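Here is a briefing on a predicted model. Look over the sequence and the structure first, then read the points below.

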Amino acid sequence: MNEPITYNTGYLDEQTKRMIRRALLKAVAVPGFQVPFASREVPMPRGWGTGGVQVTAAVIGEDDVLKVIDQGADDTTNAVSIRSFFATVARVRTTTRTDEATLVQTRHRIPETPLAAGQIIVYQVPVPEPLRFLEPRETETRRLHALEDYGLMYVKLYEDIARYGHIAKTYDYPVLVNGRYLMAPSPIPSFDNPKMHDNPALQLFGAGREKRIYAVPPHTSVESLGFEDHPFEPQRFDRPCEICGSSGVYLDEVITDDAGGAVFVCSDTDHCERASLAGAEDEEARA
Amino acid sequence: MSGPAPLLQVRGAGHRYGDRFGCRDVDLDLWPGEVLAVVGESGSGKSTLLGVLAQRLDLTEGSVRYRTAEDEVLELGELSESAVRRLWRSEWGFVHQDAADGLRMHVSAGGNVGEPLMTNGWRNYGEIRAVASEWLRRVEIPEDRIDDHPTTFSGGMRQRLQIARNLVVSPRLVFMDEPTSGLDVSVQARLLDLLRTLVHEFGLAVVIVTHDLAVARLISHRTVVMKGGRVIESGLTDRVLDDPHAPYTQLLVSSILQG
Amino acid sequence: MTEDPVLTVSAVEKTFTMHLQGGQRLPVVAGLELAVHRGECVVLGGSSGAGKSTILKMVYGNYTADTGRIVVRGPSGPVELVGADARQVLAARRDTMGYVSQFLRCVPRVPALEIVAEPLVERGVPAPLARERAAAMLTRLSIPERLWSLPPATFSGGEQQRVNIARGFLPDLPLLLLDEPTASLDGRNRDVVVGLVAEKRAAGVGMLGIFHDTEVRAAVADRVVDVEAFAPRAAVAV
């Protein structure tokens with residue numbers, strides 16, 4: 001009686017996967033539209049990426065190569081847990097290299113390495129409704145989406161400009177998908193928003209606790225909202241990564257000592273590692 | 001009589017709450033630029049009638065026809081929700097008795113007045129702010145309060161803000177539900193004066209529900225008196241108030257407190 | 001005076017029914033007949049309570065006439081006011097007839113100059129010109145300039161009435177109804193009103209008025225119509 005437990009591929013049963021895939025098909029057919037789905041129990045609590053896990057579980061196959069990142073890093077506790085979870089239940093090869101992965105599950109970042117056709121990126125989403133904090137009623141937000149009545153979102157941007165002189169949202173910055181649906185891109189930094197536009201990869205979004213799935217098919221237009229005279233401006237960093245020297249990448253601030261000393265380093269660990277390696281190889285070659 | 005066609009034509013309108021009628025057999029017409037007062041006491045059906053006209057309540061009986069800016073006559077009971085919303089965005093306004101119901105209390109005054117513009121596709125912050133500012137001036141709210149929240153405004157100021165928010169898209173028809181009730185008397189006078197000026201300047205058609213006959217006299221061309229859900233009497237406002245025919249109208253008129 | 005009258009009243013009857021007093025009926029006039037021609041001032045005579053004011057109000061549309069005909073001749077032709085709908089009455093008030101009452105009744109908070117100018121502005125006169133003419137009229141009625149920007153609610157009775165008169169006499173309308181306009185005025189201002197009436201008469205305006213002061217009446221009336229000739233039979237209680 002000591003047989004190891006065998007899991008169905010991807011942990012979820014086939015009926016559940018079918019249900020999620022149907023939701024995914026609907027989501028892809030109507031870019032940016034939030035499709036409700038029957039969110040299942042998975043071996044982690046709500047708020048820890050269950051939506052992303054369910055979407056990944058529904059699309060993953062034994063031929064896939066999976067990368068999992070959390071705030072850009074492959075080595076945080078959660079990224080490691082989820083990666084080893086799928087290694088066990090889906091028997092897939094895993095990687096930290098974006099260019100080797102067929103499937104990337106991410107919490108709150110888009111990798112620096114541009115994605116390619118045939119890749120799927122799955123975002124973990126806490127609050128799928130972009131208007132939620134402006135209009136708490138679900139009945140009302142559904143109507144607003146149906147009637148394309150998005151004045152409220154612009155009111156929020158107006159208020160920011162009136163109060164701060166500029167739009168204050170720096171993450172989960174609202175976007176208009178395919179010129180029709182207002183979408184919450186998940187708490188990725190606004191720095192990453194431009195990467196969503198006309199992306200050759202398939203972008204899938206899962207919110208487990210809120211029970212919603214949505215999608216942006218390859219090469220779909222994704223515009224970040226703004227005014228004509230106050231257009232969307234992604235964050236900018238005026239310094240390079242202290243480890244690999246890359247510029248034009250999203251940086252994390254890392255406190256290094258009790259005196260408050262800090263360094264700014266790449267948030268995308270895979271990118272940083274490979275850039276450093278390439279830098280070191282260059283130096284060796286020159287030496 | 002020739003001239004412009006009526007904006008609103010109501011025939012036999014009624015709304016049922018369960019087995020009781022809130023209002024019944026109501027006929028009325030409204031022309032562009034005309035102010036119609038619907039007066040009555042509590043339970044008269046005047047608020048139900050307003051709800052039916054403004055499409056907030058279903059029309060159980062009868063018909064309500066509205067003529068749009070494109071001169072199309074719509075049977076309001078048959079409109080889809082998106083068509084109704086479109087009317088609210090461009091041709092109709094609704095001033096609530098309690099300004100808090102008609103405003104976003106935690107959005108600045110400028111944001112409140114600018115929202116209908118943004119909903120209608122305005123995407124230039126400077127222009128939105130300029131128009132909002134202009135409207136604040138028109139309703140006599142100091143322009144330096146444009147970034148303040150209505151929670152910091154007095155009752156009269158909130159009501160004037162609500163009016164600005166409603167009029168910024170130049171509607172043709174505005175519904176008002178007891179807009180001056182609950183305000184101090186001097187504030188009421190100021191508000192009514194403002195309404196008169198705006199109605200005249202913008203050629204608005206208004207349906208105003210009020211229990212206060214003095215308000216009806218001050219601001220309306222015609223008055224409809226309601227009791228028990230039905231129209232008891234209607235006509236030119238000064239005629240209805242000075243030469244009331246129906247017993248109930250005579251009672252109502254004689255009950256006005258005189259200083 | 002061979003042209004049609006500016007106002008024709010025929011076979012008009014009016015009875016008030018006081019529902020709050022058990023339905024008691026109060027007949028006021030019956031078989032009323034009168035006409036006002038252009039350039040003439042007709043005065044309604046008769047004792048107090050005979051129905052003079054009621055007649056003026058019926059012509060203006062403020063009271064309803066039970067039966068009969070009230071025809072005013074305006075710029076677009078004759079208009080039958082008995083049984084007319086509200087919009088027709090409002091149009092007649094805008095284009096054809098003005099009313100000067102005994103007391104000033106106006107919107108609170110509006111300055112005197114604006115109140116007097118308003119009837120002109122409503123009829124399409126540009127605001128600056130309307131205010132100019134209003135100012136001239138107020139000056140004529142001895143309302144000092146310092147009062148022009150104040151709401152009349154704080155004025156004396158006589159001052160309020162002079163604002164009322166200014167407002168009523170300013171627009172150019174074919175028919176003017178005057179309900180005791182001089183009641184609260186002193187001699188000098190009464191004379192001013194007599195002068196205003198004479199000017200209107202000379203301009204071809206028809207006027208129907210009630211004047212209690214015998215001197216004023218003598219100065220303005222072309223004809224006096226005794227309203228008591230149209231008194232109904234005694235009041236009938238239900």
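In β8(A), A:Leu202 is the bridge partner of A:Ile120. Strands here are DSSP E runs of at least two residues, helices are H or I runs of at least four, and both are numbered from the N terminus. This is a predicted model, where local features need pLDDT of at least 70, side-chain atom pairs count only at pLDDT 80 or more, and totals for chains, interfaces and linings use all residues. Residues are numbered from 1 along each chain as its sequence is written, with chains lettered from A and ligands numbered from 1 in the order in which they are written.

**Sheet of chain A**
- β5 (residues 120-124) and β8 (residues 202-207) of chain A pair in the parallel sense over five bridges; pairing takes at least two DSSP bridges.
- Helix α2 (residues 50-59) of chain A packs on the sheet and touches β4 (103-107), β5, β8 and β9 (212-216) of chain A. Contact means C-beta atoms, placed from the backbone, within 7 Å.
- The seven strands form an open sheet with mixed pairing, in the order β1-β9-β8-β5-β4-β2-β3 (chain A).
- β1 (35-36) and β3 (93-94) of chain A are the edges; each has a single partner strand, so one side of each lacks a neighbour in the sheet.

**Helix α6 of chain B**
- 12 of the 13 residues of α6(B) are buried, so the rest of the structure largely encloses it. Buried means 20 or more other C-beta atoms, placed from the backbone, within 10 Å of the residue's own.
- Packing partners of these buried residues include β6 (92-95) and α7 (185-202) of chain B.

**Contact of chains B and C**
- Chain C gives 15 residues and chain B 19 residues.

Technical notes:
Two residues are in contact if their C-beta atoms, placed from the backbone, lie within 7 Å. Axes are lines fitted to C-alpha atoms, for helices over the stretch in contact, and angles run from 0 to 180 degrees between N-to-C directions.
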